[in-house]
Amino acid sequence: MKSAAEHREFVDLVEALRAAQDTITGASPPEDVARKAREGLEEVTRLLAPFTVSEAEQLAGYLITEPGHAQALAPVLHVDESSTEHVRGRLVLGRYYLGGNGAAHGGSIPLFFDDVLGRLANDGGRGTSRTAYLHVNYRKITPVGQELRVEAHVDRVEGRKRFVVGTIHDPEGDLTVDAEGLFVALRPGQP
Ligand SMILES: CCCCC/C=C\C/C=C\C/C=C\C/C=C\CCCC(=O)SCCNC(=O)CCNC(=O)[C@H](O)C(C)(C)COP(=O)(O)OP(=O)(O)OC[C@H]1O[C@@H](n2cnc3c(N)ncnc32)[C@H](O)[C@@H]1OP(=O)(O)O
């Protein structure tokens with residue numbers, strides 16, 4: 001397991017990237033400010049490109065003790081309580097995930113659940129699986145910028161099939177989303 005303690009600066013770099021994504025998404029800057037910001041981002045790319053590694057050596061997504069696992073793609077679950085069978089936590093969707101009218105982009109929710117349910121499917125020594133399907137029911141808008149409650153658990157395991165379910169509740173306690181994923185355990189050598 002890769003150690004977050006050894007890669008503190010990388011963890012902070014990904015946090016800064018998340019903040020940049022939120023800020024860029026919400027900004028309408030004058031052209032000279034936009035140009036300066038682009039030049040700053042291009043400088044980041046120049047700085048890091050020589051350190052590109054193989055998937056096996058990649059840090060992003062693999063620093064699993066960190067909230068968000070040092071990966072800027074999926075929304076971050078802040079875990080309050082977890083076992084190999086369940087997880088409870090909090091989620092604040094930043095401006096980056098805005099769809100419209102204060103509601104989260106519909107695609108950001110499956111992205112979040114694929115990560116959370118998928119990790120749960122593979123936990124507890126169950127080993128690697130892949131998403132066969134992910135069914136998401138949008139019951140009410142999921143607001144951005146507010147603290148949401150998340151719960152997920154392994155519903156049942158049938159041979160290679162792991163059924164994992166999850167919910168999101170808004171600050172009023174109303175259900176906004178429920179989801180079910182089927183994760184199929186990979187056979188040896190299966191990509
Ligand atoms: C989001 C950000 C993530 C960032 C991650 C970064 C780093 C990762 C670090 C660590 C990773 C740790 C955790 C993982 C985190 C997230 C999880 C993400 C996982 C994915 O995001 S992965 C990409 C999307 N995923 C695919 O790319 C799958 C493509 N696909 C296949 O690879 C095959 O399709 C497979 C393997 C699914 C099955 O194929 P197969 O040949 O092994 O098995 P087979 O077809 O025989 O099915 C066996 C039994 O499942 C039933 N079954 C199958 N499919 C079904 C369906 N759709 N509906 C209903 N039932 C279904 C059959 O009916 C049969 O049931 P029965 O045994 O009862 O007859």
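Mentor: Begin with the span of residues 101-175: its end C-alpha atoms lie 18 Å apart, and the span is 20% helix and 45% strand. Helices (H or I, at least four residues) and strands (E, at least two) are DSSP runs, numbered from the N terminus. The UniProt annotation "domain: Thioesterase", from an unreviewed entry, covers these residues, 101-175. UniProt positions are given in the numbering used here, feature names are shortened, and annotations may be inferred rather than shown by experiment.

Trainee: What kind of model is this, and how are residues numbered?

Mentor: This is a predicted model, in which local features need pLDDT of at least 70 and side-chain atom pairs count only at pLDDT 80 or more, while totals for chains, interfaces and linings use all residues. Residues are numbered from 1 along each chain as its sequence is written. As for confidence, pLDDT is the predictor's confidence in each residue, from 0 to 100. The protein chain has a mean pLDDT of 97, and 100% of its residues reach 70 or more. The model scores are ipTM 0.89 and pTM 0.93.

Trainee: How many helices and strands does the protein chain have?

Mentor: There are three helices and eight strands. From the N terminus on, the elements run α-α-β-β-β-β-α-β-β-β-β.

Trainee: How do I read the sheet?

Mentor: Strands of a sheet pair through backbone hydrogen bonds, either parallel or antiparallel. Two strands count as paired if DSSP finds at least two bridges between them. Here six strands form an open sheet in the order β1-β2-β6-β7-β8-β5, with antiparallel pairing. Its edge strands, β1 (78-82) and β5 (129-138), each pair on one side only. Between β1 and β2 (residues 86-92) there are four bridges, and V79 stands opposite G89 in β2.

Trainee: Which residues come nearest to the ligand?

Mentor: A residue is near a molecule if its C-beta atom, placed from the backbone, lies within 6 Å of it. Of the 22 residues around the ligand, G61, G118, R130, A132 and V184 come nearest. Helix α3 gives the largest share of this shell, six residues, and α3, β5 and β8 each supply at least two.

Trainee: How is the shell made up by class?

Mentor: The shell has nine nonpolar, seven polar and six charged residues. Ala, Val, Leu, Ile, Met, Phe, Trp, Tyr, Cys and Pro count as nonpolar, Asp, Glu, Lys and Arg as charged, and the others, Gly among them, as polar.
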